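Dear colleague,

I am passing on to you a structure that you have not worked with before, followed by an account of what was found in it. Please keep it open beside this message as you read.

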Amino acid sequence: MRKPKVIRMFFALSLGCFIMVIFYFNSSQKPASEPVGERSSEHKSRRSPLQTLYDGDQVESAVQTIHQGRRELLEEACRSYTRKRRVLIPEDLKHVIVDDQHGLLYCYVPKVACTNWKRVLMVLTGVAGSNKDPLAIPANEAHVPRNLRTLSEYSTSQINQRLRSYLKFVFVREPFERLVSAYRNKFTRSYNTAFHKRYGTKIVQRHRPNPQPEALERGNDVSFEEFVYYLVDPATQREAPFNEHWERVHSLCHPCLIHYDVVGKYETLEQDSRYVLQLAGVEDQVSFPASSKRTRTTGDMAAQFFHNISPFYQKKLYNLFRMDFLLFNYSTPAYLNFR
């Protein structure tokens with residue numbers, strides 16, 4: 001008589017276990033909640049720039065192919081030319097600007113249209129207020145540190161979350177054209193007295209035989225040759241890191257530690273900038289400003305500046321910037337004659 005009762009208890013227990021398994025399975029299928037304080041509900045329904053990039057159905061395929069090729073070349077160069085990998089520290093992230101509203105991380109490189117990119121990000125993040133024209137923002141305002149947050153200001157968990165889920169982009173330039181552009185801007189313009197005082201006087205003191213007292217005091221007539229001597233002098237970097245305007249891109253943005261989704265180039269600035277804005281879904285909100293080609297430093301101009309640099313110093317300078325040439329697929333300039 002007890003047997004049917006035992007059987008009923010067995011079936012009841014089995015049914016209860018089965019219901020619990022179904023409940024657990026269903027609850028485990030729910031997507032994880034978005035962290036508190038992250039992007040608003042307005043942005044949850046919109047695809048992120050990173051999703052748009054890798055889904056590949058929103059942007060012209062030819063442009064996507066170009067950027068995929070650049071990513072692959074960069075990854076291959078990192079594997080070939082970097083031996084040791086290390087962990088990122090906050091100091092590495094001081095040049096990475098954060099746009100939490102649109103899921104963007106931009107590593108700015110001076111002398112590669114960074115003023116205009118900062119202006120665009122000020123519009124996108126609302127820092128510019130009702131102003132939607134990037135060029136209406138004064139250049140000096142674009143470089144005020146408090147206007148845009150950098151990734152180094154976040155906690156470790158916040159940094160990791162953004163590196164995983166935001167679109168990371170950087171713009172690069174032929175290394176010696178960028179270097180000549182930095183020299184022209186910082187040492188040949190009369191208004192850059194701060195650079196003349198801080199760097200020009202030191203360069204004149206160390207690398208000019210029998211300098212005049214006025215040159216030692218003002219530092220406003222540094223030649224390109226003297227600038228090159230200063231860069232390749234081992235004492236320069238022993239004292240302090242290079243100024244950001246002539247620091248190597250790989251030292252500013254760490255492209256072998258941060259996986260950049262878009263590597264834009266100064267040589268294709270308009271096309272690549274439009275591509276980033278399309279990925280972010282904001283091409284109808286802001287336009288990247290057209291750059292002036294009249295004052296741009298070109299390859300021919302760089303060749304003129306290198307004309308008086310001896311092969312010995314050409315080679316030393318090339319070795320200093322070699323990683324930027326290799327990582328971003330720039331050929332050794334034809335005007336160099338150290339080979």
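Predicted model: local features only at pLDDT ≥ 70, side-chain atom pairs only at ≥ 80, totals over all residues.

Two residues are said to be in contact when they have heavy atoms within 4.5 Å, and helices (H or I, at least four residues) and strands (E, at least two) are DSSP runs numbered from the N terminus.

Residues are numbered from 1 along each chain as its sequence is written, and side-chain values use heavy atoms, with hydrogens and water left out.

The chain as a whole

The secondary structure of the chain comes to 16 helices and four strands. Of its 339 residues, 45% are buried, where buried means under 20% relative accessible area, exposed means over 50%, and partly exposed lies in between (1.4 Å probe, protein chains only). Among the contacts with a separation of 6 or more, 69% are between residues 24 or more positions apart.

Helix H5

In H5, 10 of the 11 residues are buried, so this helix is largely enclosed by the rest of the structure; the buried residues include Trp117, Arg119 and Leu121. Valine 120, which is found in helix H5, is buried with a relative accessible area of 0%. Leaving aside neighbours within four places in sequence, valine 120 is in contact with Pro134, Leu277, Val286, Ser287, Phe288 and Pro289. The C-alpha atoms of valine 120 and valine 286 are separated by 7.1 Å, although these residues are 166 residues apart along the chain. H5 is followed by glycine 126, whose phi is positive, near 85°.

The largest pocket

A pocket is found on a 1 Å grid over the protein atoms alone: a cavity is a set of points where a 1.4 Å probe fits but cannot get out, whereas a pocket is an open set with protein on both sides within 12 Å along at least five of seven lines, and lining residues have an atom within 4 Å of a point. Grid points are joined across faces, edges and corners, and a volume is the space filled by probe spheres set on the points.

The largest pocket has a volume of about 850 Å³. It is lined by 29 residues, of which Lys111, Thr115, Ser181, Asn185 and Tyr266 are the closest to its centre. Domain 1 (49-174 + 248-295) and domain 2 (177-244 + 298-328) each supply at least three residues of the lining; the domain bounds come from an automatic or database domain assignment. Lysine 111 is found in the loop between E2 and H5, is partly exposed at 21% relative accessibility, and has a positive phi, near 75°, in a residue other than glycine.

The second largest pocket

The second largest pocket has a volume of about 570 Å³. Of the 21 residues that line it, the closest to its centre are Pro241, Phe242, Asn243, Glu244 and Glu247. Both domain 1 and domain 2 give residues to the lining of this second largest pocket, so it lies between them. Helix H9 (193-207), helix H12 (234-239) and helix H13 (249-253) each supply at least two residues of this lining. Glutamine 237, placed in helix H12, is partly exposed with a relative accessible area of 34%, and, leaving aside neighbours within four places in sequence, is in contact with Phe242, Arg248 and Leu320.

The nonpolar core

A nonpolar core is a set of buried Ala, Val, Leu, Ile, Met, Phe, Trp, Tyr and Cys residues joined through side-chain atoms within 4.5 Å. The largest one has 91 residues, of which Phe227, Trp246 and Leu317 touch the most other members, and this core draws at least three residues from each of domain 1 and domain 2. Leaving aside neighbours within four places in sequence, the contacts of tryptophan 246 include Arg178, Phe195, Phe227 and Phe321.

With best wishes
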